[in-house]
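Here's a quick briefing to read with the structure open beside you. Have a look at the fold first, then work through the notes below.

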Amino acid sequence: MPKNKGKGGKNRKRGKNEADDEKRELVFKEDGQEYAQVLRMLGNGRCEAMCIDGTKRLSHIRGKMHKKVWIAAGDIVLVGLRDYQDDKADVILKYMPDEARLLKAYGELPENTRLNEGIVGGIDDDDDGLVDDYIEFEDEDIDKI
């Protein structure tokens with residue numbers, strides 16, 4: 001039987017994001033950067049993001065975040081703008097939900113930005129216009145069948 005020389009197998013390599021629970025310092029945008037909300041994931045390390053300045057940009061997830069920080073639709077991210085391509089950007093940082101709420105409280109994000117919805121545009125919780133699928137039969141109707 002071979003000796004164990006390493007520190008573990010592939011399951012150890014999977015569990016590297018253990019230190020994410022600690023609080024980190026809130027990062028604000030600088031010149032050449034913009035806040036954005038992810039509209040949809042496109043695959044291949046790219047996503048479509050609506051920047052706060054009103055421009056929809058194709059964003060590339062940087063290599064340091066690729067397969068380590070999971071980004072979903074509706075997340076608030078910090079993107080670096082490109083001087084030579086205005087319709088493209090690079091995702092620099094993903095904000096955690098509590099950090100996004102702090103950004104909104106500080107006035108960095110507009111008030112109409114929805115933070116905790118998975119899909120931009122939101123899902124209505126009230127079922128005003130929904131049709132009820134449940135059909136109630138009378139005893140006489142059942143006897144006829």
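Let's start with a salt bridge: glutamate 99 pairs with arginine 24, and their closest N and O atoms are 2.9 Å apart. That pair ties together distant parts of the chain, since glutamate 99 sits in helix α2 and arginine 24 in the loop between α1 (10-14) and β1, 75 residues apart. Keep in mind that this is a predicted model.

**The two ends of that bridge, and the other salt bridges**
- Glutamate 99 counts as buried because its relative accessibility is 7%, under the 20% cut-off.
- Arginine 24, at 41% relative accessibility, counts as partly exposed.
- In total, the structure has seven salt bridges.
- Another one joins glutamate 48 to arginine 40, at 3.4 Å from N to O. Here glutamate 48 is buried, with a relative accessible area of 17%, while arginine 40 is partly exposed at 46%.
- Aspartate 90 bridges to arginine 82, with the closest N and O atoms 2.8 Å apart; aspartate 90 is partly exposed at 26% relative accessibility.
- Asp53, Arg57 and Asp86 form a network of salt bridges.

**Strand pairing**
- Strand β1 (residues 33-43) runs antiparallel to strand β4 (residues 76-81), and five bridges join them. Across this pairing, glutamine 33 stands opposite glycine 80 in β4.
- β1 also runs antiparallel to strand β2 (residues 46-51), this time with six bridges. Valine 38 faces alanine 49 of β2 here.
- The hairpin of β1 and β2 has two residues between its strands, and asparagine 44 takes a positive phi near 60° there.

**Around lysine 56**
- Lysine 56 belongs to strand β3 (residues 56-61) and is partly exposed, with a relative accessible area of 47%.
- Leaving out residues up to four places away in sequence, lysine 56 touches Leu39, Glu48, Ala49, Met50 and Asp87.
- Lysine 88 is 32 residues from lysine 56 in sequence, yet their C-alpha atoms are 8.7 Å apart in space.

**Surface**
- Phe28, Leu102 and Tyr106 make a nonpolar surface patch of about 300 Å².
- Leucine 102 lies in helix α2 (residues 97-105) and counts as partly exposed at 39% relative accessibility.

- Mean pLDDT for the chain is 80, and 64% of the residues reach 70 or more.
- Residues 119-126 have pLDDT below 50, and the model gives this stretch eight contacts beyond near neighbours in sequence.

Definitions and conventions:
Residues numbered from 1 in each chain as written. Predicted model: local features only at pLDDT ≥ 70, side-chain atom pairs only at ≥ 80, totals over all residues. Heavy atoms only, no water. Patch = residues over 30% accessible without salt bridge, like charges linked within 9 Å, V, L, I, M, F, W, Y side chains within 5 Å. Areas by Shrake-Rupley, 256 points an atom, 1.4 Å probe, with all protein chains shown as cover. Salt bridge = Lys/Arg side-chain N within 4 Å of Asp/Glu carboxyl O. Helix = DSSP H or I, 4+ residues; strand = E, 2+ residues; numbered from the N terminus. Buried < 20%, exposed > 50% of the residue type's maximum accessible area, 1.4 Å probe, protein only. pLDDT = per-residue confidence, 0-100. Contact = heavy atoms within 4.5 Å. Pairing = 2+ DSSP bridges.
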